[in-house]
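Q: I would like to learn how to read a structure, one feature at a time. Where do we start?

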Amino acid sequence: MDFTHSDDRQMLADTLGRYLAQKYDFETYKRIAASDVGFSRETWAALAELGIVGALFDEAAGGFGGTGFDIAVVFEALGRALVVEPFLGTLMAGRLIGDRTALIERVIAGTSILAFAHYEPQSRYDLTELATTAVRTDDGWVLNGSKAVVPQLEAADQILVSACTDGGLGKQAGLSLFLVPADAAGVVVRGYPLIDGGRGGELLLDGVTLDPDALVGVESDAYEAIEATIAAGIVALCAEAVGVMEVLRDATLDYLRTRTQFGVPIGKFQALQHRMATVALEIEQARSAVINAAAALAGDRWHRERAVSAAKFTIGRVGTLTAEEAIQMHGGIGMTWELPLSHYAKRLTMIDHQLGDEDHHLERYVLLGAESQAAA
Amino acid sequence: MDLNFTPAEEAFRAEVRVFLAEKLPPRLAEKVRTGKRLTKADMVDWHAILNARGWLANHWPVEWGGPGWSVVQRYIFDVETALAHAPRIIPFGVSMLGPVLMEYGSEAQKQHWLPRILDGSDWWCQGYSEPGAGSDLAGLKCAAVRDGDDYVVNGQKTWTTLGQYADMIFCLVRTDPKAKKQEGISFLLIDLKSPGVEVRPIILLDGEHEVNEVFFTDVRVPAANLVGEENKGWTYAKYLLTYERTNIAGVGGSMAAFDWLKHIAGAQKKAGRPLSADPYFAARLAKLEIDLENMKTTNLRVLASVAHGGAPGAESSMLKIRGTEIRQEITALTRRALGPYALPFVSEALDDGYNGEPIGPDYAAPVAAEYFNNRKLSIFGGSNEIQREIITKAILRL
């Protein structure tokens, strides 16, 4: 048993933490997050230069990391600084296109940005409730459908899209993946700002014609790969959430020590002390959940999926608690745009709305448990 | 990062399993598994079996008869014995007094008392709480006044667990009524057979005689039974509380109890299906299992830090809170799982040799009583509110 990171991974975390502390302060965040583009190409290039994108992929894919713990240390640091750059989409799409060497090289170098467009307006958090279709033609493929709330969609020059290829809508069998150039005819992107900073977008695929080699992986057999890359995305979001939680905890503790009412720091009041102790205790549980999920990412499917659903459930529950308590204990000032706190609270709350919320993952955890009993 | 146990630790786990398979009497395991009442003889027997193997005081150093295990080995032992439904080790002598004597006792005290803890010559109980000193323990009043070669003790202790079986009690007594309250306390070993000692039962809400009141009226205690220095008892008391905390989360016990809960939820029926397949109950079970899995890792993180030379500090308070909350939730869901059959309670059904027909499912008899009994978990050992105070001061520094 060893709960410390390897030297290389610790160095990666330190490098990223230092860079963000110097170059991505709260004012920078606010400027970037509220900008028209919703991220900074300059920052993206600098982080790629530091090797942060490469750390998300294993050596076979041209990177030098890619384990659950590599992802976790990177995203925890990103969470601490509220980084809005397109790491999540790049991580999830990049792990699915590992055999496209030239493209992944450009991604790791920071010159190409990927988005992963899977969920649809009607699918909510379900992985198979899809209506987008891809039909084979003499010249390749034609795609029709729409994809919902894709993070940093406008930033991407290549969009990895899931679609049903054998007419079996809403089923695991029949899912395929396609790499769609953002400038292809029939690709319509409707971008918008997000409440927690940065931008997202709706993707409309209106008779998009693609070359035969746009198909990624095996036709009609992409479900398992999609589930696995979403598991990696969940580890990333959960680790990001722990980074956000620790900032919220520290800011709230600082406030409890310095804000005085009735002649004493409000942290002297037991009503607040015990609530804060509970928040601190729950954050440790959340960190343990991330460790469990990161460790399970390389394991067999059943253990991996149980661990990531357990983690996402825990993060949803503890994240909401931490965000709400941080605002409440700050009182009126916690409601203001001016304070970093409120922005961290928004990000933490919205993480529960990505890749499945607390309820979704609790239900999924139950179903996975029943699966194992049926198999036994 | 590596969540796996080393091959040596896995080999140790196998060794523990072989030991349990060979030496844990099936009769005892069955009683623990089904929640039957353990007798004093049951507990003494199990201590003797462990002691014969040198595993009773498993956190003691080798020179005093411990096995020299790492914290990880102790964790593995705890989990394996719990999963095998072994009785728990009674902590008062082994886990509480032993470490205090080793750290602060005189050579003569160590030579005399430590071997007697191991071989069962003395059954110890703990004299800390008083009617007026619960969470505010330092407010205790039970007084010891020096008179020649003796102390004369007057006062009362309460919540004395299994005191009805005990030969000896280690007590916090006030020796300087004028000093600041923490600075006038001493740590005294008292023979319960002394004239002037009276042990009276307190019956708890489950009908069980588990705790007692102990009254002292002009009880003469040899001054040789003072541990360490007079008026330094508070330091020793705190040491006792912080020493043996690697098991405070009670992971092994909760794992075994959760398995039993799943068994019951699978056997109970709702609308013709197992209760465990009911969406509402399944969600409760899942939340509990996720909490337990998270706590197991939190516990291992604390153990790993201890193994690398860190001291188990206020993290223990987090583990105590979450560990007891989880255990209480397990007992609450087990009670809930029984539906109406939580109500019948035939106390004799928990005794050896009871031959009556079970009322309802055969696992039902002890369940509601165990739920009520386990309300104690968040109260004793420093209530969970006191643990939050410790977190507030030591971790949050508010």
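A: We start with Val149(A), which is partly exposed, because 17 other C-beta atoms lie within 10 Å. A residue is buried if 20 or more other C-beta atoms lie within 10 Å of its own, exposed if 12 or fewer, and partly exposed in between, with C-beta atoms placed from the backbone. This is a predicted model, in which local features need pLDDT of at least 70 and side-chain atom pairs count only at pLDDT 80 or more, while totals for chains, interfaces and linings use all residues. Residues are numbered from 1 along each chain as its sequence is written, and chains are lettered from A and ligands numbered from 1 in the order in which they are written.

Q: In which strand is Val149(A) found, and what is its phi near?

A: Helices (H or I, at least four residues) and strands (E, at least two) are DSSP runs, numbered from the N terminus. Val149(A) is in strand E3 of chain A. Its phi is near 45 degrees, a positive value in a residue other than glycine.

Q: With which strand does E3(A) pair?

A: Two strands pair if DSSP finds at least two bridges between them. Strand E2 (residues 133-137) of chain A and E3 (residues 140-151) pair in the antiparallel sense over five bridges. They form a hairpin with two residues between them. Opposite Ala134(A) stands Leu143(A) in E3(A).

Q: Is Asp218(B) buried or exposed?

A: Asp218(B) is exposed, because 12 other C-beta atoms lie within 10 Å. Its place is in strand E7 (residues 209-222) of chain B, and its phi is positive, near 50 degrees.

Q: Which residues have the most contacts inside the largest nonpolar core?

A: In soluble globular proteins, nonpolar side chains tend to be buried together. A nonpolar core is a set of buried Ala, Val, Leu, Ile, Met, Phe, Trp, Tyr and Cys residues joined through C-beta atoms within 7 Å. The largest one here has 167 residues, and those with the most contacts inside it are Leu160(A), Phe178(A), Val235(A), Cys238(A), Val290(A) and Ala293(A). Helix H7 (residues 223-258) of chain A gives the most to this core, 18 residues. A second, separate core of 52 residues includes Met96(B) and Val153(B).

Q: How many residues of chain B are in contact with chain A?

A: Two residues are in contact if their C-beta atoms, placed from the backbone, lie within 7 Å. By that rule, 29 residues of chain B are in contact with 29 residues of chain A. H9(B) gives the largest share of the chain B side, 13 residues.
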